[in-house]
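Thank you all for making time this morning.

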Amino acid sequence: MRSSTLTLLILLLAANVVAEADDPARKPDEPKPPTYSSDVLPFLQAHCFQCHGTEDGKNKADLTLNKYADDLSIQQDRKVWDNVLAMIRSGEMPPMERPRPPADQIESVLKSIEGVLANLDCSMTPNVGRVTLRRLNRAEYNNTIRDLLGVDFQPAADFPNDDVGYGFDNIGDVLSTTPLLFERYLTAAESILQKVITIPETVAPKDIRLQGLRVSRGAGEETNGGGALFGDGDAGNETFLEAGDYKILVEVYSKQVGDEKPIAEIRLNREPVQKFEVTSTNRNNLQILEGKIRVPAGTARIGVRFVNPYVAPDSTPEVPNRRLLFVRSILADGPYNPPLPPLPPAQQKLLAHSAGLEPREAAREIITRLATLAFRRPVKPAEVEHILRIYDMSEKEGDSYEERLRLALCRVLVSPHFLFRIEADPTAAKAGDTYQISELELASRLSYFLWSTMPDQELYSLALRGELRANLDAQVTRMLANPKSKSLVENFAGQWLTLRKLPQLTPDTKLFPQFDDDLRAAMQTETELFFEDILRENRSILNFIDADFTYVNARLAKHYGISGVDGTEFRKVKSPAHRGGLLTQASILTLTSNSTRTAPVKRGKWILEQLLGTPPPPPP
């Protein structure tokens, strides 16, 4: 990956120029591109082979030039020929003790060597190389987990820092793996699935004894924590119950007067539940009434009503003779069969499956669906069966269904097919053959470049049907308009422009007392919004150097001396005359300064490396 969009543009223009030069339709008066045999070899034979092309192989400086036979051999050994160019250009070669070639010959051979090195001959068999397995970096891992499982947290926060190559942390060649990182992958997978797949906590049944039974006014009287009922009323109290089924156990006995047995009715919130005939008349031989109810979670009033009070004809106020119901205690035993708590949306989506399946077949369907998304390709039945082995082992250990699924899905999240972006060679491909990557691999490349995450359903479906290449422009436009493309701003721009280093920089507080964290954050946001504007509005690349707009809030506007901006929200404003493009933005100026003063050398180096892609050589 190049560190500069400008560099990429220059290379594309250069490639077009070369392609036009090789075009058969080239005009006759246009110069032909230089070749090794006609433009470089004669100079070497006249001035270089005496020392660097000897037949006995004893060449000075271990440099053998007569082994190069054509343009391709030079291009494949570019480092040597870059050194040859430097020696000829500096005048060190040919050596001073030998006759010096004319200046025009030296200039001509320098241009010829540079031309051969720059020449692109597409008729030659290209060296296609091999695609490096790309490990997901920390940002890509977090985003992929978010879109795969619907949980928005940062599981990669504890991962070791990603290796950086050429200024970026998504270069496959440098993204190494370590035993520590694999341990963190396993820990993260377990933690993620514990958050996504929750196991309902069971409420253990218990006996809840109602204290201090209260008797309805005019229905009886309270006695030693119970109640004696002689009228149409009840004895009971309120208590909090968890949702579920309960057995209501009531200890009673009675005084029987008249022809009927006393009738007791268990009630919930003063609504009838079940009636019983009370036969016990002995306080030492209590009768147990048992009713069953199902209640929602909350406070409920449980009581016992005396259904058929009766007063004998010979009863008097002084000597009452009436039917009585004695309620000694009320106990609620439960809950049983509590309702399952509502599942989180992420868990509902993950565990969805066809109705009527046995647990293992339901697990197969869930694993197949998740692995297809995680691996960014269809999975084979044999792969799913391999994953299900750990499900079967967990079942033998007596684990619950949720625990078995956790273990099986954990295997998906630590699979190389998830952690790495794998682009396999076609089975029929031969060494050196060129071929197009598959549409699914193209979807992953596109998605991880623009979104730093896995392909969405639309992108995946197009690739699966083989229609992505035909709709590539429309998909790029759609993806750039999607909020996920913010990752391109944060990751690509943050590394290209080295904005990630800004939080670690602090100017001298004595010299710059106005500098604080709010100003630092505003500086970074300005550059990110500026980059995003150029990206989304498809502006000229030259805006990076000379733009007439920027983004500020009140804090940054005050720093720049821009009036009329209030509040913390950022807005697009016209740049002052002395400010335009990246090079005058506070974030870039801070990044390329020392803590006490400006640093022209740092700024020049930043421009060479980040904008022009031509880093300066090491100091002499």
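Predicted model: local features only at pLDDT ≥ 70, side-chain atom pairs only at ≥ 80, totals over all residues.

Which helices each supply at least two residues of the lining of the largest cavity? They are α7 (138-149), α14 and α17 (486-496), where helices (H or I, at least four residues) and strands (E, at least two) are DSSP runs, numbered from the N terminus.

Residues are numbered from 1 along each chain as its sequence is written, and side-chain values use heavy atoms, with hydrogens and water left out.

Let me stay with the cavities. On a 1 Å grid over the protein atoms alone, a cavity is a set of points where a 1.4 Å probe fits but cannot get out, whereas a pocket is an open set with protein on both sides within 12 Å along at least five of seven lines, and lining residues have an atom within 4 Å of a point. Grid points are joined across faces, edges and corners, and a volume is the space filled by probe spheres set on the points. A search of the whole structure finds 3 cavities of 30 Å³ or more.

The largest cavity has a volume of about 140 Å³, and 16 residues line it, with N170, F449, S452, N491 and F492 lying nearest its centre. Helix α17 gives the largest share of that lining, 5 residues. By class the lining divides into 7 nonpolar, 6 polar and 3 charged, where Ala, Val, Leu, Ile, Met, Phe, Trp, Tyr, Cys and Pro count as nonpolar, Asp, Glu, Lys and Arg as charged, and the others, Gly among them, as polar.

The second largest cavity has a volume of about 70 Å³, and its lining includes E526, F530, F549, Y560 and R579. Two or more residues of that lining come from each of α18 and β14 (549-552).

Turning to the open spaces, the second largest pocket holds about 950 Å³ and is lined by 38 residues, of which L589, T590, L591, T592 and S593 lie nearest its centre. Helix α21 gives the most to this lining, with 6 residues, and the classes are 13 nonpolar, 16 polar and 9 charged.

Now to the packing of helices. The axes of α14 (residues 439-450) and α16 (residues 472-481) come within 11 Å and cross at roughly 30°; axes are lines fitted to C-alpha atoms, for helices over the stretch in contact, and angles run from 0 to 180 degrees between N-to-C directions. That angle makes α14 roughly parallel to α16, since angles under 35 degrees count as roughly parallel, over 145 as roughly antiparallel, 65 to 115 as roughly perpendicular and the rest as oblique. The contact (heavy atoms within 4.5 Å) is made by L442, L446, S447 and L450 of α14 and L472, V476, M479 and L480 of α16, and its residues divide into 7 nonpolar, 1 polar and no charged.

Finally, α11 (residues 381-396) and α12 (residues 401-413) pack at about 150°, with their axes 8 Å apart, which makes α11 roughly antiparallel to α12. Their contact has 8 nonpolar, 2 polar and 5 charged residues.
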